[in-house]
Amino acid sequence: MIKFHVMDHPLIQHKLSIIRDKNTGTNEFREVVNEIANLMAFEVTRDMPLKDVEVETPMGKARTQKLAGKKVAVIPILRAGIGMVDGILDLIPSARVGHIGMYRDEKTFEPHEYFVKLPSDIEEREVLVVDPMLATGGSAIMAIDALKKRGAQNIKFVCLVAAPEGVQALEAAHPDVDIYAAALDQKLDNGYIVPGLGDAGDRLFGTK
């Protein structure tokens, strides 16, 4: 079964072009990241289970379907992952939000965990781990390690741009986790995705 999915929907690709542009300002960048996350959430949730229900319409009874099964948790990897949360919550407002804090050593590019706060019933939820970039894969792997250690079982990873090296590393470390990306880029260069979109955190929050 394919575990890596690239979403080539025209609207996603159009909006991705906007945030790749170095001339896109912080406010527009932030808005468009949320819009892409919202569009991606449709595909990420495609396999959610349904149950048959009966409702009363103005014209009579109708047999229809509603969501069944596990509830959802959205877990951004701090700090850049925060930029994708609201777009997903617009679609799934009942989702709980946890946080996993990581920082990357600027010399070794190794991730370090500094904060984990999750819903108490994380083991019962479908978990969407979100981070705009999947570069080396180190932060994603460590975040998923932290989730599994705390009982999470049904996990998906959602990013905007992925490097082949990061996809390979994450697939090797967690072969049970589906990966969703808006684009698969060329390569890593000194730890950064090429052509990528720059430092997503800096562009989201206007920092350097």
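This is a predicted model: local features need pLDDT of at least 70, side-chain atom pairs count only at pLDDT 80 or more; totals for chains, interfaces and linings use all residues.
Student: Why is D178 called buried?

Tutor: Its relative accessibility is 13%. Buried means under 20%. The value falls below that cut-off, so D178 counts as buried.

Student: What makes D178 and K3 a salt bridge?

Tutor: The N to O distance is 3.6 Å. The rule asks for a Lys or Arg nitrogen within 4 Å of a carboxyl oxygen of Asp or Glu. The pair therefore meets the rule. D178 sits in strand β11 (residues 178-184) and K3 in the segment before β1 (4-6), so the bridge ties together parts 175 residues apart in sequence.

Student: Why is K3 called partly exposed?

Tutor: K3 has 23% relative accessibility.

Student: Are E35 and K15 buried or partly exposed, and why?

Tutor: K15 has a relative accessible area of 18%, under the 20% cut-off, so K15 is buried. E35 has 33%, which puts E35 in the partly exposed class.

Student: Why is R46 called exposed?

Tutor: Exposed means over 50%. R46 has a relative accessible area of 63%, so R46 is exposed. R46 forms a salt bridge with E43, with closest N and O atoms 2.9 Å apart. E43, at 32%, is partly exposed.

Student: What makes the space lined by A37 and M40 a cavity?

Tutor: In a cavity, a 1.4 Å probe fits but cannot get out. By this rule there is one cavity of 30 Å³ or more. The largest cavity holds about 30 Å³. Its lining is A37, M40, A41, V44, M84, I88, L128 and V158. Helices α2 (26-44) and α3 (82-91) each give two or more residues to that lining. The largest share, four residues, comes from α2.

Student: How many residues of the cavity lining are nonpolar, polar and charged?

Tutor: Eight are nonpolar, none polar and none charged.

Student: What lines the largest pocket?

Tutor: The largest pocket has a volume of about 670 Å³. Of its 29 lining residues, A80, R104, D131, S139 and D199 are closest to the centre. By class, the lining has 16 nonpolar, seven polar and six charged residues.

Student: And what lines the second largest pocket?

Tutor: That pocket holds about 230 Å³. It has 14 lining residues, with L67, K70, K71, V72 and S94 nearest its centre. Strands β4 and β8 (125-130) give two or more residues to this lining. Seven of the lining residues are nonpolar, two polar and five charged.

Definitions and conventions. Residues are numbered from 1 along each chain as its sequence is written. Side-chain values use heavy atoms; hydrogens and water are left out. On a 1 Å grid over the protein atoms alone, a cavity is a set of points where a 1.4 Å probe fits but cannot get out, and a pocket is an open set with protein on both sides within 12 Å along at least five of seven lines; lining residues have an atom within 4 Å of a point. Grid points are joined across faces, edges and corners, and a volume is the space filled by probe spheres set on the points. Ala, Val, Leu, Ile, Met, Phe, Trp, Tyr, Cys and Pro count as nonpolar, Asp, Glu, Lys and Arg as charged, and the others, Gly among them, as polar. A salt bridge is a side-chain nitrogen of Lys or Arg within 4 Å of a carboxyl oxygen of Asp or Glu. Buried means under 20% relative accessible area, exposed over 50%, partly exposed in between (1.4 Å probe, protein chains only).
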